[in-house]
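Work through the exercises below with the sequence and the model at hand. Each task is followed by a solution in steps.

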Amino acid sequence: MKRKLKIVFTKTLIMIALIVIVCQICYFKGYKSEWNKFKCSTLKQHSPKFIIMILTANSSKYASRRRNIRMEYLSYPFKHRSEFKHYFYVQRSLSMLQENAIYNDFLWYKGVDRYDKLSTKVWSGFKTLYDNYDFEYVIKTDDDTAINLDALYNSVVVNYNATKPFYGGGFAVNKSRVARGPLHANSKWSRMCPPGTNFSRPINGRAQGSLYVLDKESIQNAINLDIPPTHYEIEDVYTSSMMETIKVKHYLISGAPTKNWKAKCNETKNYIRCRKYTYLHRVYSERDWNLVRQMYFNQHNKH
């Protein structure tokens, strides 16, 4: 009797171990485990018009930024909210796996996650989305940017009649000035990067890295070029170079790319005027998010 119980117990442990191993393999390959069916299924669900790819870092200090984004503009009652699906693009780590188990909104990056490799990271994300997801446009943005989703929808779908191919964003420099030389000489990039860093922009204009939009056809054509970024090439410069190479013109999407919007909108209390901004860059604190809510909803507290 004891021998039979021992055999049953051993088989049970082996079965549990196999189930755990199989499910971990599924999980680490970027799939979710369906425990009741003991099989792996892809993450494809709803096919939105826009996929928002939010760059973030695999550090706990950025968890508050992701939390704010989920609680704030991703949950605002915009008319066209159902047309958007978001993913935080991040390198896998134990803390990220734990967070993703709760929210299931991470897209895993398998490369080296550093500023000087940002161009490679962004375009790896574009390729992953292109190969595995259904969409019409990808919005690349950062975890310190707030987006008015209805305004963005109207910019692309209404103002530009869902133009394809499409490359849209705020201009990094004045539209009337053609600059092919060094830009942002005193920026963090110039202090961080060695001599020879590419700070130039294509002649057709460069969209700011805080937010820009590409349609699926443009991503496909750029990926097929298979032109790797040069050493230390800035991500939005690389993207604009790719768009110029495949002859996709730049469309303007109004945004507030610097911290100046905070003083302008807060001091004048002219929130209606500030609502023209499709996106706001450098949104960090609760005070910033309060201002965002006032601009978009004319209310002091969302909760």
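This is a predicted model: local features need pLDDT of at least 70, side-chain atom pairs count only at pLDDT 80 or more; totals for chains, interfaces and linings use all residues.

**Exercise 1. The nonpolar cores**

Identify the residues with the most contacts inside the largest nonpolar core, and list what isoleucine 147 touches.

Step 1. A nonpolar core is a set of buried Ala, Val, Leu, Ile, Met, Phe, Trp, Tyr and Cys residues joined through side-chain atoms within 4.5 Å. Buried means under 20% relative accessible area, exposed over 50%, and partly exposed in between, with a 1.4 Å probe and protein chains only.

Step 2. The largest such core has 42 residues, and those with the most contacts inside it are Ile52, Tyr73, Ile139, Ile147, Val213, Val292 and Met295.

Step 3. Contact, or touching, means heavy atoms within 4.5 Å. Leaving out residues up to four places away in sequence, isoleucine 147 touches Ile52, Tyr73, Phe78, Ile139, Thr141, Leu152, Leu211, Thr278, Tyr279 and Tyr296.

Residues are numbered from 1 along each chain as its sequence is written, and side-chain values use heavy atoms, with hydrogens and water left out.

**Exercise 2. Overall composition**

State how many helices and strands the protein has, and what share of its residues is buried.

Step 1. Helices (H or I, at least four residues) and strands (E, at least two) are DSSP runs, numbered from the N terminus. The protein has eleven helices and twelve strands.

Step 2. Of its 303 residues, 47% count as buried.

Step 3. Among contacts with a separation of 6 or more, 71% come from residues 24 or more positions apart.

**Exercise 3. Helix H8 and its cover**

Which residues of H8 are buried, and what covers them?

Step 1. Eight of the eleven residues of H8 are buried, which leaves the helix mostly covered. The eight are Glu235, Asp236, Val237, Tyr238, Thr239, Ser240, Met242 and Met243.

Step 2. The cover includes helix H4 (118–132), strand E6 (137–142), E8, strand E9 (207–215) and H7.

Step 3. Take glutamate 235, in helix H8 (residues 235–245). Glutamate 235 has a relative accessible area of 4% and is therefore buried. Not counting residues up to four places away in sequence, glutamate 235 touches Leu118, Ser119, Val122, Lys140, Gly209 and Tyr212.

**Exercise 4. Two helix pairs**

Describe the packing of H7 with H8 and of H2 with H3.

Step 1. Two packed helices are described by the angle between their axes and the distance between the axes. Axes are lines fitted to C-alpha atoms, for helices over the stretch in contact, and angles run from 0 to 180 degrees between N-to-C directions. Angles under 35 degrees count as roughly parallel, over 145 as roughly antiparallel, 65 to 115 as roughly perpendicular and the rest as oblique.

Step 2. The axes of helix H7 (residues 216–225) and H8 come within 10 Å and cross at roughly 95°. H7 is therefore roughly perpendicular to H8.

Step 3. Ser218, Ala222 and Leu225 of H7 meet Met242, Met243 and Thr245 of H8 in this contact.

Step 4. Helix H2 (residues 63–71) and helix H3 (residues 94–103) pack at about 10°, with axes 13 Å apart. They are therefore roughly parallel to each other.

Step 5. Ala63, Arg66 and Arg70 of H2 make the contact with Met96, Glu99 and Tyr103 of H3.

**Exercise 5. Backbone exceptions**

Where is the cis peptide bond, and which residues have a positive phi?

Step 1. Most residues other than glycine have a negative phi, and most peptide bonds are trans.

Step 2. The bond from lysine 164 to proline 165 is cis, with omega near 0°. Proline 165 lies in the loop between helix H5 (149–159) and strand E8 (167–171).

Step 3. Asparagine 161, also in the loop between H5 and E8, has a positive phi, near 50°. Asparagine 161 is exposed, at 63% relative accessible area.

Step 4. Lysine 247 has a positive phi of about 60° and sits in the loop between H8 and strand E10 (250–252). Its relative accessibility is 74%, so lysine 247 counts as exposed.
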